[in-house]
Amino acid sequence: MSMTWNGASPPPSPSYGPMSAVRILFRGTAVLVTIAAGLMFFLPLRLIEQLIFGPMRPYTSWVTQSVCRLSLFWFGIKSYRSGNPMIHHGAAVANHSSWLDIFVLNASDRIIFVSKSEVSNWPGIGFLARVTGTLFIARNPRAAKLQALLLKDRLLLGQRLLFFPEGTSTDGQLVLPFKTSLFASLLESQNENNLYVQPISIIYHSAQGQNIRTYGWWGDMSFGGHLLKILALRQHGSVEVVYHPPLSVAKFNDRKTLARATETKVRSGHTIRCKG
């Protein structure tokens with residue numbers, strides 16, 4: 001995130017009773033055990049995979065997907081998918097509501113995330129992001145050319161990257177204007193590979209009687225506090241991931257028109273389902 005969105009008041013802080021503590025303990029333990037068990041398979045498999053395939057991840061990506069699917073089950077969040085991940089080379093872009101998007105998108109498809117460089121130093125999360133192949137991007141404008149080359153190299157390897165062009169997470173009720181900088185790498189790589197961009201809309205639906213912003217993570221919310229709230233909820237809602245038809249990069253002349261086209265698709269899918 002290059003900025004923090006503060007466009008809405010956060011939901012009131014929940015009060016935790018005895019049953020909330022039980023849910024936090026049970027769900028938290030289940031998710032931690034799932035991640036730990038996944039790492040036991042993932043790390044040795046990645047060493048073998050790296051010797052044979054280098055930066056490509058034909059097998060460990062299945063482990064990541066399975067761990068995220070099971071983690072969503074333990075959280076109690078039902079996930080639904082509309083449309084299909086593209087089969088073309090290129091990247092995917094999505095709106096960004098919270099850290100839960102990482103679990104949701106990994107559960108839906110085998111992808112590589114593009115994230116801000118600060119995430120690599122976050123306790124626990126940074127380690128998981130590094131071992132799963134996340135590409136870290138610095139927010140320093142002077143490093144823009146180097147960042148573009150890193151993305152270009154990954155794209156030419158055939159990796160399908162995913163980034164959040166809004167640059168920040170929100171309350172999940174809107175889509176912010178897309179930033180255009182990362183789209184430049186797609187245009188630069190287009191001459192060497194036929195690339196596509198797939199817009200994805202992520203829509204969270206809270207359970208009946210809950211605040212519609214339950215799953216959003218924004219402003220000065222702490223990760224720990226938000227995690228505890230998600231673990232403590234008595235009843236969860238659901239999340240829908242809508243895969244829109246991919247757009248051919250070759251049909252766009254510049255990054256701004258490409259960013260605007262993907263933003264329009266993401267916003268249209270998000271708006272229709274939020275109101276539906």
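The second largest pocket of this predicted model is lined by 15 residues, and among these Pro14, Gln210, Thr214, Lys229 and Leu233 lie nearest its centre. Two elements, helix H1 (18–53) and helix H7 (223–232), each give two or more residues to this lining, where helices are DSSP runs of H or I with at least four residues and strands are runs of E with at least two, both numbered from the N terminus. A pocket is here an open set of points on a 1 Å grid over the protein atoms alone, where a 1.4 Å probe fits and protein lies on both sides within 12 Å along at least five of seven lines, and lining residues have an atom within 4 Å of a point. The space in the second largest pocket is about 240 Å³, the volume being that filled by probe spheres set on the points, which are joined across faces, edges and corners. By class, the lining comprises six nonpolar, six polar and three charged residues, with Ala, Val, Leu, Ile, Met, Phe, Trp, Tyr, Cys and Pro counted as nonpolar, Asp, Glu, Lys and Arg as charged, and the others, Gly among them, as polar.

Residues are numbered from 1 along each chain as its sequence is written, and side-chain values use heavy atoms, with hydrogens and water left out. Because the model is predicted, local features need pLDDT of at least 70 and side-chain atom pairs count only at pLDDT 80 or more, whereas totals for chains, interfaces and linings use all residues.

Within H7, the residues His226, Lys229, Ile230, Leu231 and Ala232 are buried, that is, under 20% relative accessible area with a 1.4 Å probe and protein chains only, while exposed means over 50% and partly exposed lies in between. The cover over these buried residues of H7 includes H1, helix H2 (60–75) and helix H3 (100–108). Cys68 lies in H2 and counts as buried because its relative accessibility is 7%. Leaving aside neighbours within four places in sequence, Cys68 is in contact with Ile102, Phe103, Asn106 and Ala107, a contact being heavy atoms within 4.5 Å. Cys68 and Phe103, although 35 residues apart in sequence, are 5.0 Å apart from C-alpha to C-alpha.

Strand S7 (residues 238–243) is largely enclosed by the rest of the structure, because six of its six residues are buried. From S7, Ser238, Glu240 and Val242 point one way and Val239, Val241 and Tyr243 the other way, all of them buried. In a regular strand the side chains alternate between the two faces of the sheet. Strand S1 (residues 78–82) pairs with S7 in the parallel sense over five bridges, pairing being assigned if DSSP finds at least two bridges between two strands, and Ser79 has Val239 of S7 as its bridge partner. Strand S6 (residues 196–205) is joined to S7 by six bridges in an antiparallel arrangement, in which Val242 of S7 is the bridge partner of Ser201.

Strand S3 (residues 112–116) is likewise mostly covered, with five of its five residues buried. S3 pairs in the parallel sense with strand S5 (residues 161–163) over two bridges, and Leu161 in S5 is the bridge partner of Ile112. Three bridges join S3 to the parallel strand S4 (residues 135–137), where Lys116 stands opposite Ile137. The chain passes from S3 through helix H4 (residues 125–131) to S4 in a right-handed β-α-β crossover, meaning that, with the strands pointing away from the viewer, the path from the first strand over the helix to the second runs clockwise.

Two further residues complete the description. Ala94, found in strand S2 (residues 90–94), counts as buried because its relative accessibility is 0%. Not counting residues up to four places away in sequence, Ala94 touches Leu105, Phe163, Phe164, Pro165, Glu166, Ile200 and Ile202, whereas the C-alpha atoms of Ala94 and Asn253, 159 residues apart along the chain, are separated by 21 Å. Phe252, placed in the loop between strand S8 (247–248) and helix H8 (255–275), counts as buried because its relative accessibility is 19%.
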